[in-house]
Amino acid sequence: MSEDEQRGRGASSVHRVGGLLGDLQAADEQPVAPRRRADAERNRAQILAAAEQLFAEQDPRTITMDRIAKAAGVGRATLYRSFPDPSSVAVALLDEHERRLQGQLIYGPPPLGPGAPAGERLAAFYLAMLDLLERHLPLALGAETGPARFRTGAYGFWRVHVRTLLVDHGVEDPDPLIDIALGPLSPELYQFQRHELGLSTERIGRSLATFARRLLYSGRGD
């Protein structure tokens, strides 16, 4: 039984003693928990919508909790009940896009999904990740900049996927190679290549696909 339910049960034993007052109090108690849940969901939706616009329009490093709360029209306490910091807001926004890709890696058709050689699957994964970065780079920068990138659940999923490809390919010691293979997908690196060097997504993608196939070209991955 939840804390809200326990409070409601305790209130019933005290107030439901008959008469008009008891009936009014009993009627008031019932919708409290559903109303709170609806309010929380509405607040979360407002926060995420406002934050996504902020991350799209401004440097992710300048986004603060105060700015998110103001843009969402909620109080700081309401914001902090759902998210501890701006990075966690960005993670929540990016999560939905990443989960779609995760589903394709597990259940989708080859070469992104199962059924293709490891090198082709890695190349397809690179291209899919580049597409995600191109469409959601501000969120990726807000969620995964620096060492925080390695602690996200999505990065853990990408590590498992790449390790599986390396093992399937026959690499004897895959673990040191996992993060090397994921290194080109750093949001900071992609930002540098796209917006400072001016490289196109297609050009980066061709190079990464070639890299993936060469990395997993030989029968033993060496």
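**Helix packing and aromatic pairs in an all-helix model**

Helix α6 passes helix α8 in a left-handed crossing (the near helix is turned anticlockwise from the far one by less than a right angle; clockwise would be right-handed). The model is predicted: local features need pLDDT of at least 70, side-chain atom pairs count only at pLDDT 80 or more, and totals for chains, interfaces and linings use all residues. Residues are numbered from 1 along each chain as its sequence is written, and side-chain values use heavy atoms, without hydrogens and water.

The axes of α6 (residues 86-107) and α8 (residues 153-169) come within 11 Å and cross at roughly 15°. Helix α6 is therefore roughly parallel to α8 (angles under 35 degrees). Axes are lines fitted to C-alpha atoms, for helices over the stretch in contact, and angles run from 0 to 180 degrees between N-to-C directions. From α6, the residues E98, L101, Q102, L105 and I106 meet A154, F157, W158 and H161 of α8. Contact means heavy atoms within 4.5 Å.

The protein has eleven helices and zero strands. Both are DSSP runs, numbered from the N terminus: helices are H or I with at least four residues, strands E with at least two. Of the 222 residues, 40% count as buried (under 20% relative accessible area; exposed is over 50%, partly exposed in between, with a 1.4 Å probe and protein chains only). Among contacts between residues at least 6 apart in sequence, 62% join residues at least 24 apart.

Aromatic rings come next. The whole structure holds five aromatic pairs (rings of Phe, Tyr and Trp, the last by its six-membered ring, with centres within 6.5 Å). The ring centres of F150 and Y155 lie 5.2 Å apart and their planes meet at 85°, so this pair is edge-to-face (over 60 degrees; under 30 is stacked, the rest tilted). Y155 is buried, with a relative accessible area of 3%. Ring pairs also link F125, Y126, F157, W158 and F211 into a cluster.

Helix α9 (residues 175-182) has L177, I178, A181 and L182 buried. Seen down the axis, these buried residues fall within an arc of 130°, so they line one face of the helix. The arc is that of the directions from the helix axis to the C-beta atoms. The face turned away carries the exposed residues P176 and I180.

F55 is found in helix α3 (residues 32-57). At 1% relative accessibility, F55 counts as buried. Leaving out residues up to four places away in sequence, F55 touches P60, I63, P86, A90, L93, P138, L139 and G142.

Conventions:
Angles under 35 degrees count as roughly parallel, over 145 as roughly antiparallel, 65 to 115 as roughly perpendicular and the rest as oblique.
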